[in-house]
Amino acid sequence: MRSENTPFVGGPLDGRVLPVLTGPTGHPPKWYRIPVPNDDDTPPTVHVYRRVPAGYTRRLGLLRGWKYEYAPDGVERRELRWPWSKPNTTP
């Protein structure tokens, strides 16, 4: 498997660069979860990071790579939106 050195911004891993495995497309995962064990018998605390672009080149506007930003609210749940679905009518 191929890995990519990816910087982390914010949260407990701020400033660290860790090797992250890439998928079949060559991109790291969109969300990176880090479980941190607790001292007592409670379940581990999970820190979540979201993949964002690290920057773009000046001339052509190409993507320079990825970085992970801390997401204190956790993973955002997305609802599937199909073209034939009814619109959401919640007030």
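This is a predicted model: local features need pLDDT of at least 70, side-chain atom pairs count only at pLDDT 80 or more; totals for chains, interfaces and linings use all residues.
Figure 1. Strand S1 covers residues 3–9. Its covered face holds Glu4, Thr6 and Phe8. Its uncovered face holds Ser3, Asn5, Pro7 and Val9. In a regular strand, side chains alternate between the two faces of the sheet.

**Figure 2. Strand S1 and its pairing with S2 and S5.** S1 and strand S2 (residues 17–21) run antiparallel, joined by five bridges. Valine 9 has glutamate 69 in S5 as its bridge partner.

**Figure 3. Arginine 51, a buried residue without a salt bridge.** Arginine 51 sits in strand S4, which spans residues 45–56. The nearest side chain of opposite charge belongs to glutamate 4, 8.3 Å away. A salt bridge would need the charged atoms within 4 Å. Glutamate 4 is also part of the covered face of S1. A polar atom of the arginine 51 side chain does lie 2.6 Å from the backbone oxygen of proline 28.

**Figure 4. Asparagine 38 in the loop between strands S3 and S4.** S3 spans residues 31–36, and asparagine 38 lies in the loop between that strand and S4. Asparagine 38 counts as partly exposed because its relative accessibility is 29%, which falls between the 20% limit for buried and the 50% limit for exposed. Its side chain makes a polar contact of 3.0 Å with the side chain of threonine 42. Another polar contact, of 3.2 Å, joins the side chains of asparagine 38 and threonine 45. Leaving out residues up to four places away in sequence, asparagine 38 touches Pro43, Pro44 and Thr45.

**Figure 5. The whole protein chain, for orientation.** The chain has five strands and zero helices. Along the sequence, the pattern reads β-β-β-β-β. The radius of gyration is 17 Å, whereas a compact globule of 91 residues would have one near 12 Å. Along the principal axes, the C-alpha atoms fill a box of roughly 50 × 45 × 25 Å. Of the 91 residues, 22% count as buried. Among contacts between residues at least 6 apart in sequence, 30% join residues at least 24 apart.

Definitions and conventions:
Residues are numbered from 1 along each chain as its sequence is written. Side-chain values use heavy atoms; hydrogens and water are left out. Helices (H or I, at least four residues) and strands (E, at least two) are DSSP runs, numbered from the N terminus. Buried means under 20% relative accessible area, exposed over 50%, partly exposed in between (1.4 Å probe, protein chains only). Lys and Arg count as positive and Asp and Glu as negative; His and the chain ends are not counted. A polar contact is a pair of N or O atoms within 3.5 Å; within protein, one must be able to donate a hydrogen and the other to accept it, and residues adjacent in sequence count only if both atoms are side-chain atoms. Contact means heavy atoms within 4.5 Å. Two strands pair if DSSP finds at least two bridges between them. The radius of gyration is taken over C-alpha atoms; the globule rule is 2.2 Å times the number of residues to the power 0.38.
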